[in-house]
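Visitor: I would like to learn how to read a model like this one, feature by feature. Could you walk me through it?

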Amino acid sequence: MNRLYNLEKQNKKHLIIYLMAGDPDLKTTEKLIYLLDKIGVSVIELGVPFSDPIADGVTIQKAGDRALKQGINLKKVFLLMKKVRKKVNVPIVLMTYYNIIFNFGIKKFIIESKKSGIDGAIIPDLPFDEESEIYDLAVKNDFCIIYLVSPTNTISRTKKIVEKSMGFVYYILVKGVTGINNKRSSFDFRHLKILRKFSKKPIFAGFGVSMPHEVKEILRYFDGVIIGSAFVNIIEKYGNKTEKLLKECKKFVCKFLTGVKNAR
Amino acid sequence: MLPDKKGFFGRFGGKFAPETLRALIDDLEYQYEKAKKDKKFKEELNYYLKNYIGRPTPLYFAKRLTKYLGKGKIYLKREDLCHTGAHKINNTIGQILLAKRLGKKRIIAETGAGQHGVATATVAALFGMECCIYMGEEDIKRQSLNVYRMELLGAKVIPVKSGSKTLKDALNEAIRDWLKNVDTTFYIIGSVAGFHPYPAMVRDFQSVIGIETKKQIIKLEGRLPDILIACVGGGSNSIGLFYPFLKYEKIKMYGVEAAGLGLNTGRHAASLEKGKIGILHGAKTYVLQDKNGQIKETHSIAAGLDYPGVGPEHSYLKETGRVKYASVTDKEALDAFKLLSEKEGIIPALESSHAIAYIKKLKPNKNNIIVINLSGRGDKDINTVFKAGQT
């Protein structure tokens with residue numbers, strides 16, 4: 001069974017960390033995955049770079065550029081995953097744009113992902129009601145496509161997204177792109193009620209969260225919190241100083257983990 | 001009638017948009033459908049088309065060019081005579097009227113060469129709206145005059161430093177702005193690209209070109225034309241000319257893309273000829289991409305054609321074979337630029353020069369009536385042509 005389905009059985013709050021595969025290089029990515037697994041992150045979101053990431057802010061755009069310079073593509077990510085899967089059991093999902101997957105071939109993507117131990121994919125420019133083929137293939141192959149809910153979604157659409165999303169639901173906290181400079185919009189409780197009413201799936205919230213003190217409030221409403229750009233900033237800062245980078249990343253994530261544990 | 005309910009032309013198009021934009025584009029689709037049926041909206045649009053843009057534009061018989069080339073009877077649809085110098089304003093005026101209807105106060109747009117940016121800044125000034133234009137840093141360097149024009153019109157030109165720093169990146173950045181400012185902002189897309197309803201909406205606003213052409217040619221020649229030619233970047237001027245004629249199966253249509261330095265050099269913008277089906281800026285369509293699905297950087301001497309995607313309806317028309325797509329190199333376009341200047345006293349935009357250059361590759365009947373869409377005037381290109389002549 002897909003590793004993501006264990007999440008809803010666990011009676012706890014979750015921390016999800018995003019990093020870009022191949023930023024600054026694949027070796028460091030590998031080490032970071034071992035680290036994140038070891039210190040108790042619930043899900044790892046692994047970015048696959050795309051030249052035109054419209055839903056991402058500057059931080060992740062730059063991380064993608066660095067990864068592209070390393071020649072990162074899906075094949076290399078699958079190879080990396082096959083290697084790390086021998087050592088870690090944390091759920092890992094890919095985050096990328098639809099053209100990357102479509103170009104690779106939808107069926108081939110899902111089969112290769114499964115073979116490499118990838119549990120699901122987050123595709124910000126693929127709404128649940130486009131491309132029914134990928135949805136059907138995912139269901140058939142026990143692969144999760146995680147759909148995103150925005151605060152601007154209508155109630156009827158929110159209901160459908162929650163129904164279709166697999167593994168967990170990704171709630172976007174801001175009107176805007178990824179990044180730490182976004183002002184979070186005030187939370188719409190109608191949405192939360194709908195999210196809860198229609199599904200028992202875990203709901204994780206992301207976009208614009210950068211400080212450990214924000215975690216407590218977010219976890220009052222959600223089952224988990226997703227940290228992306230703030231973590232990528234640390235990778236950017238320490239770049240090729242691998243030892244220092246790992247140390248700083250650990251320190252950063254541990255602060256959030258403490259917040260998450262206390263929110264239980 | 002295409003697109004279908006989900007915004008598809010056959011298997012092309014769609015709404016591949018982040019969820020944050022979804023409610024907005026669904027509403028835009030609904031409001032646009034309503035506006036289309038609203039007599040008042042049509043009246044207002046027609047008022048500005050006539051009195052502000054100067055429509056109808058002439059359908060001009062190019063006598064000396066016809067004689068020189070000896071190929072059919074060549075007419076030029078003079079979109080270069082529109083206010084601001086290109087067909088772009090047909091669309092921006094339509095969209096800003098829609099923005100006004102939706103109560104939006106802020107306008108954003110992307111621009112490559114600056115023509116769409118100028119056309120957007122112009123209508124924003126006309127209606128007193130705040131206007132931000134996203135433009136690649138590279139394009140800003142190449143088109144400083146248009147940057148100044150936009151600023152003169154009261155727009156803020158925002159340099160885009162991401163990616164290849166050209167049109168596609170300007171589009172990315174405009175979409176990101178829209179994601180952040182969904183409540184206040186209307187995004188005026190300049191071509192038949194992007195998520196539904198944009199490809200259909202921009203087509204409808206540009207169709208005035210074909211509708212006028214049909215009336216005019218019947219008046220002039222007593223019959224429909226045999227051949228239509230237009231250049232294709234994103235594809236708005238070409239679809240504007242073609243669309244009202246699609247149902248007449250005998251009329252041949254040619255869309256001309258930019259072959260840049262040559263189709264085999266990798267330095268071109270011929271998405272339909274050399275691209276693969278993919279998803280860019282919200283639509284499934286032909287896209288120039290590498291083997292991993294990364295979008296390629298393109299090249300054309302005509303900045304308005306320098307885009308790695310193409311409107312989804314063109315992908316559909318290519319697939320059905322209704323329109324033939326071909327391409328013309330920078331050099332061929334430059335020759336046509338000079339030819340039309342010399343023979344007719346009309347300096348065409350480098351984009352439109354691609355359409356003119358294509359006649360040389362056709363073998364029409366002597367009696368064939370050919371209509372070429374002269375989508376814009378070439379004043380903006382004088383520097384580029386001058387530099388090209390020096391190398």
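Guide: Gladly. Let us begin with one residue: A:L36 is found in helix α1 (residues 26–39) of chain A. Helices here are DSSP runs of H or I with at least four residues, strands are E runs of at least two, and both are numbered from the N terminus. This is a predicted model, in which local features need pLDDT of at least 70 and side-chain atom pairs count only at pLDDT 80 or more, while totals for chains, interfaces and linings use all residues. Residues are numbered from 1 along each chain as its sequence is written, chains are lettered from A and ligands numbered from 1 in the order in which they are written, and side-chain values use heavy atoms, with hydrogens and water left out.

Visitor: Is A:L36 buried or exposed?

Guide: The general idea is a cut-off: buried means under 20% relative accessible area, exposed over 50%, and partly exposed in between, using a 1.4 Å probe and protein chains only. A:L36 has a relative accessible area of 0%, so A:L36 is buried.

Visitor: Which residues does A:L36 contact, leaving aside its neighbours within four places in sequence?

Guide: Contact means heavy atoms within 4.5 Å. With those neighbours set aside, A:L36 is in contact with A:I17, A:L19, A:V41, A:I44, A:F231 and A:V253. Turn to A:F231 and you find A:L36 again, along with A:I17, A:Y18, A:L19, A:L32, A:C249, A:F252 and A:V253, not counting residues up to four places away in sequence.

Visitor: Which residues touch the most other members of the largest nonpolar core?

Guide: A nonpolar core is a set of buried Ala, Val, Leu, Ile, Met, Phe, Trp, Tyr and Cys residues joined through side-chain atoms within 4.5 Å. The largest one has 195 residues, and those touching the most other members are A:L15, A:L46, A:F109, A:I227, A:F231 and A:V253. Helix α11 (residues 242–262) of chain A gives the largest share of this core, eight residues. There is also a second, separate core of 25 residues, which includes B:I229, B:V256, B:I359 and B:L374.

Visitor: Now the sheet. What is the order of the strands in the open sheet of chain B?

Guide: Strands of a sheet pair through backbone hydrogen bonds, either parallel or antiparallel. Two strands count as paired if DSSP finds at least two bridges between them. In chain B, four strands form an open sheet in the order β7-β6-β5-β8, with parallel pairing. The edge strands, each pairing on one side only, are β7 (156–160) and β8 (185–187) of chain B. From one strand to the next, the twist averages 25 degrees. Within the sheet, six bridges join the parallel strands β5 (residues 106–111) and β6 (residues 130–136) of chain B, and B:T111 stands opposite B:M135 in β6(B).

Visitor: Which helices lie across β5 of chain B?

Guide: For angles, axes are lines fitted to C-alpha atoms, for helices over the stretch in contact, and the angles run from 0 to 180 degrees between N-to-C directions. Helix α4 (residues 88–101) of chain B lies across β5 and β8 of chain B, at about 155 degrees to β8(B). Helix α5 (residues 115–126) of chain B lies across β5 and β6 of chain B, at about 165 degrees to β5(B).

Visitor: How many salt bridges cross the interface of chain B and chain A?

Guide: The rule finds five there. One of them links B:K284 with A:E131, the closest N and O atoms being 2.9 Å apart. The size of an interface is often given as the accessible area lost when the parts come together. Buried area here is the accessible area (1.4 Å probe) that two parts lose on being put together, summed over both. Between chain B and chain A it is about 2,900 Å², of which carbon and sulfur atoms give 48%.

Terms used. Salt bridge = Lys/Arg side-chain N within 4 Å of Asp/Glu carboxyl O.
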